[in-house]
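Here are my notes on the model you asked me to look over. Have the sequence and the 3D view open while you read.

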Amino acid sequence: MARQERAIKTRKVILEAAGAVFDEHGYTATTIAMVLERAEVTKGALYFHFPSKESLAQAVLDEQIPRGAVPPQPCKLQELVDITFVFGQRLLNNSLLKGSVRLAVDQCAPPGVDHSGPYRQWADHLVVVLEQAASQGELLPTVEPRQTVELLVGAFAGIQLMSRALTDRADLAERISVLWGHILPSIAVPGLLTGIDRSPDRGVRVLAGIEETDADEAELDLSRR
């Protein structure tokens, strides 16, 4: 068990280091040596988990969806809004997530690295939430969920790139709020609009609640040991 826990911890350290290096240098300029130096692990430890630079990059790319997880909401449109704000908030200081996003837009990645995967995965994930919203009567009858989430994913990708270029993402939450200000009136039934929280600090508040719950669960787990 101790060996397994060490392996999990080592893999996490390597992924976080790789995310930071990929974010700073892009795929082509990143080397295994740079990741080893940042992670402070041996070459054998890295290759035990990731046999190649391509497999390491793919693992970093695959980390996006879990970092958009939010507590379920009675209003599924609010849940959809929360996902974007929490992801944006985590993007400010999570090196692994930053690297994953950088790789997703890096056209220099070789064919073995599926940088298109996160776009498809996000669309598949979000369409489930939007279909739940539709089943609860939250959407206008003309809304097509798949088309809507693909528009949302593309728009989010664009505004986070613009925010990074202009302010190092300091204004990302404000841009997400503006994005929803344009999207929500075109998809939500009018009676819901005033009740959906799209304030720029929404991500901060939701994430604080998630972290508090995680801390309580960790404390409870320790008390049971």
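The points below go from the whole chain down to single residues.

1. First, some housekeeping. This is a predicted model, so local features need pLDDT of at least 70 and side-chain atom pairs count only at pLDDT 80 or more, while totals for chains, interfaces and linings use all residues. Residues are numbered from 1 along each chain as its sequence is written, and side-chain values use heavy atoms, with hydrogens and water left out.

2. The fold is simple to write down: the protein chain has ten helices and zero strands. Read from the N terminus, the order is α-α-α-α-α-α-α-α-α-α. Helices (H or I, at least four residues) and strands (E, at least two) are DSSP runs, numbered from the N terminus.

3. On overall shape, the C-alpha atoms fill a box of roughly 60 × 50 × 30 Å along the principal axes.

4. How much of the chain is buried? Of its 225 residues, 44% count as buried. Here buried means under 20% relative accessible area, exposed means over 50%, and partly exposed lies in between (1.4 Å probe, protein chains only). The accessible surface comes to about 11,800 Å², and 56% of that belongs to carbon and sulfur atoms. Those areas come from the Shrake-Rupley method with a 1.4 Å probe; for residues, only the protein chains shown count as cover.

5. Now the contacts, meaning heavy atoms within 4.5 Å. Take the contacts between residues at least 6 apart in sequence: 68% of them join residues at least 24 apart.

6. A word on charge. The protein chain has 23 positive and 30 negative charges, and their mean positions are 5 Å apart. Lys and Arg count as positive and Asp and Glu as negative, with His and the chain ends not counted. Each charge is placed at NZ of Lys, CZ of Arg, CG of Asp or CD of Glu.

7. The largest nonpolar core has 39 residues, and L77, L80, L126 and W180 have the most contacts inside it. Two or more residues each come from α5 (76-90), α6 (95-104), α7 (117-135), α8 (145-167), α9 (172-187) and α10 (202-224). A second, separate core has 23 residues, including L36, A57, A109 and V113. A nonpolar core is a set of buried Ala, Val, Leu, Ile, Met, Phe, Trp, Tyr and Cys residues joined through side-chain atoms within 4.5 Å. As background, nonpolar side chains in soluble globular proteins tend to be buried together.

8. What does L126 touch? Not counting residues up to four places away in sequence, L126 is in contact with L80, I83, V149, L152 and V153.

9. Beyond four places in sequence, F87 touches Q64, R67, G68, L97, V101, W122 and F156. F87 and G68 are 19 residues apart in sequence, yet their C-alpha atoms are 4.9 Å apart.

10. S177 is in helix α9, and with a relative accessible area of 5% S177 is buried. Leaving aside neighbours within four places in sequence, S177 contacts F85, R198 and P200. Q147, in helix α8, is exposed at 58% relative accessibility. Between Q147 and S177 there are 20 Å, C-alpha to C-alpha, and 30 residues in sequence.

11. P110 lies in the loop between α6 and α7. Apart from residues up to four places away, P110 touches Y27 and E54. P110 and E54 are 56 residues apart along the chain, with 7.7 Å between their C-alpha atoms.

12. Please look at the loop between α8 and α9, where D168 is found. Phi of D168 is near 55°, a positive value in a residue other than glycine. R169 is in the loop between α8 and α9 as well, and R169 has a positive phi of about 70° although it is not a glycine. For background, most residues other than glycine have a negative phi. Buried or exposed? D168 counts as exposed, at 57% relative accessibility, whereas R169 is buried, at 3%.
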